[in-house]
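Open the structure in your viewer and keep the selection tool at hand. Each stop says what to pick and what is there.

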Amino acid sequence: MVKTKKAGTLLLASALTVALAACSGGNNNGGNSASGSATAPASGASSASASADAGKPDTSKFVTVNYVILGDKPKNGQFEKVLAKVNELLKAKVNAQIEWKWVEWADWQTKYNLLLASGEQLDLITVGTDWLDTWSNAQRGAFLPLSDDMLKTYAPQTYANVKPEEWAQTKYDGKVVILPENQFTQWVNHGFIYRGDWAKEAGLPDKLTSWDEIEKYLQYIKDNKPDVVPFDVAAGGSLNMIWDGWDQSFTKNLPLPVTSGFLPMFYAKSYDEPYTAVSPIFDDTFMNYVKKMKEWADKGFWREDVLNNKVDITTQLEAGLTGLMSHHTSQFSGLRPTMDKKQPGSDLQFFPFARPNQNLMATSITHGGTSIGAHSKNPERALMVYDLLRNDKEIYDLINYGIEGTQYEIKDNKRVLPAGYDETRDAFYSDFWGGRNDKLEIPSDQTWDKIDTLYQEYDSYKKPYIYGQFVFDKSKVQAELAAISQVSSQMGPSLSFGQMKDPEKAVQDFRDKLKQAGYDKVMAELQRQLDDYKKLIESQQ
Amino acid sequence: MDSLHPSLPAQPKRSGFQRLMRNRSLLLMCLPAIVFFLIFAYLPMPGLYLAFINYNYTDGIFRSQFVGFDNFRFLVITGDLWRLTFNTIAYNIAFILLGNVVQIAVAILLNEMRAKWFKKTAQTLMFLPYFISAVLVGLIAYNILSYDYGVLNSILQSLGFDKAKVYSNPNVWPFIIVLTYLWQSTGYGSIVYFAAIMGMDHEMIEAAQIDGANAFQRIRHIILPWLKPTFVILLLFSLGGILRGNFGLFFNLVGASNSSLFPTTDIIETYVFRALMTNFNFSMGSAVSMYQSVFGFLVVLTANWLVKKVSPDNSLF
């Protein structure tokens, strides 16, 4: 009796501890895994491909089309009002209505991927090859392949506005699966945001062109403005982009879409040799970077406890307490008008990391986009609705800006906030990131009106994005990649902010650790896949 | 029931079913707990299989490819596992031992207090930190310890001392972390001990008082021995989680990027966070969890065995 009781409790104890493990297993991470496993290509909805009924699409039946959108559902009721108006128009035009299916930000990666894997009937889906795992989902058959006929018939305006070479970037397994956001200019390339007035005071040109000038600017602030932090960074912000920026400024390397923790470390050699993987971390580029940052740290350009800094940098900048921060073009264009109001005469400027070496790849046209769900019951109508969202001026304005008079007013061809606008009551957003269109965009007084000068600069040296179809299959190197990410996130921040005594030794330690984590194996695998990618691209030409 | 079998000398052992019937009301009372554990602890257990497969959600758990111990590799590949295991265990031992000692001390002090209003106020004040989320704790700590604008450095400066570089000195962090933990958990944990003391037979204390025992003697010889079983049980329970770090506390106090503090503050959870943050992977997460659980299980067994050697009455099984 005693014995059985003992065995029982032992079993119970063991079961409990193990059970705890089972429960908490899912908490440690979110999101998807194993993009590499072989799955059958998309098979769904063969009914859709029967698009022989050319000419007029049949819209006799009223249908509801849903649209998977990333974002938190607005709570002030404005969105519903706008959508009701949109739906009136949609009903009149294509006898359909649309419904937003929000994937809220909390743990969005897991939720989004699970939603796509669930087999639920989804009509339109927001996709993004560089942040939404679109290729892996295409591999798993989440999207409906779209034939030319279908596109021509049901989304004629969109079809006409996407060039053949752009369609090529949206194909999985030879078939179009994404409607790309190819008509929308967005620059999310990083750089330094600095104050033109202080640069002038320091005797520098108002358009800084090199890291040396940036250094002089910072030194001037350090020497002359005791209350200002020359270069302010917050832990957890975009502080990791500075290394990437350094590499962009001093080499012709192109970043590859392979994540590696804090420091990006997988690059292609250059635009002329885009299929050769290189390791700037292991050559002088990185060593020079770390040494320079150590120099900057010793000069006191940033806070002593920079790696734990929890201050909101934008607020600091707006209060005139920051000399320089790092962010991307789009953020800058919104900051500039704010700064003109809060610090008049500050003449906020942007130094894109691309500038010194004219090294810039355009944002992928599939950074935003829309796909049709594989299990959609009404793919034809979904395409028709999408075509209107993207090309119909009235609907476009509604869905992007809200109702004229409530959310915005037009003054001098610009959107301004109406008198009496109340942020809590009237704020509106729809997070429609799957088909914005420059032709229909109305500039806002909330973005800088001279941003075009920057865009022109970019246009003068930008190169098209060439890794649109490159999908790194990490299944063979998962353990190594996880270990590398860890090393990178562990040592990257202190290397980037000069938090060490001897930079040479610190870099050496870092490289040793990376080697130990299996860096060479990942590089070999990356090169192998780049070779395959080269063959794929060449076969398409 | 026994009357049904009047005094048979060699009574055969009752069958399992009979025992079940005899204890049915007790079992019925246990039922909610049993169901709870069945659903939330036993049912998910097959999910541990996740740790051994290359999980992808199209194929599901049982059709994904089996990869053996591959998912554990990222933990050992750089040789950090032992440092992490050591840190995690060392912190937990400090938390468990110091935590319990301080809790017992506080419970006894509260018990000895005469002024009721003071007792209640003190209890409430100590209880409050337990409800402050780790994120806020991290923010408070930063505002105290920050180099340029922190409260600590303002005080030091006004007294004419040099500023302290807390965020680049790994050696002070074990103290900061343990202190923060104690600040947060003492009030809450002392409740259990306080309740145990309340449950004591008051006549024992009175008898001791009549015999001339002073306060210290009463504590040493009556209250502490009385609390021993509670202590041992709490100890055994917490040992099962000895390899589970308090992620919220560490992550928010130390942050994810300050590697100069990692030698003394890196625990398994923070390491895994960095490794898998950008490479979402259910299987690797499960592998870590499995490692922690199996390790915790062995520790519980060992500790229980030790307890049984020393004082058999107090062991769990």
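Start at the second largest pocket, with a volume of about 1,700 Å³. On a 1 Å grid over the protein atoms alone, a pocket is an open set of points where a 1.4 Å probe fits, with protein on both sides within 12 Å along at least five of seven lines. The volume is the space filled by probe spheres set on the points.

This is a predicted model: local features need pLDDT of at least 70, side-chain atom pairs count only at pLDDT 80 or more, and totals for chains, interfaces and linings use all residues. Residues are numbered from 1 along each chain as its sequence is written.

Select A:Tyr401, A:Arg415, A:Glu441, A:Ser444 and A:Thr447. Of the 43 lining residues, these lie nearest the pocket's centre. Lining residues have an atom within 4 Å of a point.

Next, in chain A, pick α14 (329–342), α16 (393–401), β16 (414–416) and α18 (451–461). Each supplies at least two residues of this lining. Helices (H or I, at least four residues) and strands (E, at least two) are DSSP runs, numbered from the N terminus.

Now select chain B. It has 14 helices and two strands. Its radius of gyration, taken over C-alpha atoms, is 26 Å, well over the 20 Å that the globule rule gives for 317 residues, so chain B is more spread out than a compact globule. That rule is 2.2 Å times the number of residues to the power 0.38. Show the C-alpha atoms of chain B: they fill a box of roughly 85 × 70 × 35 Å along the principal axes.

Key. Chains are lettered from A and ligands numbered from 1 in the order in which they are written. Side-chain values use heavy atoms; hydrogens and water are left out.
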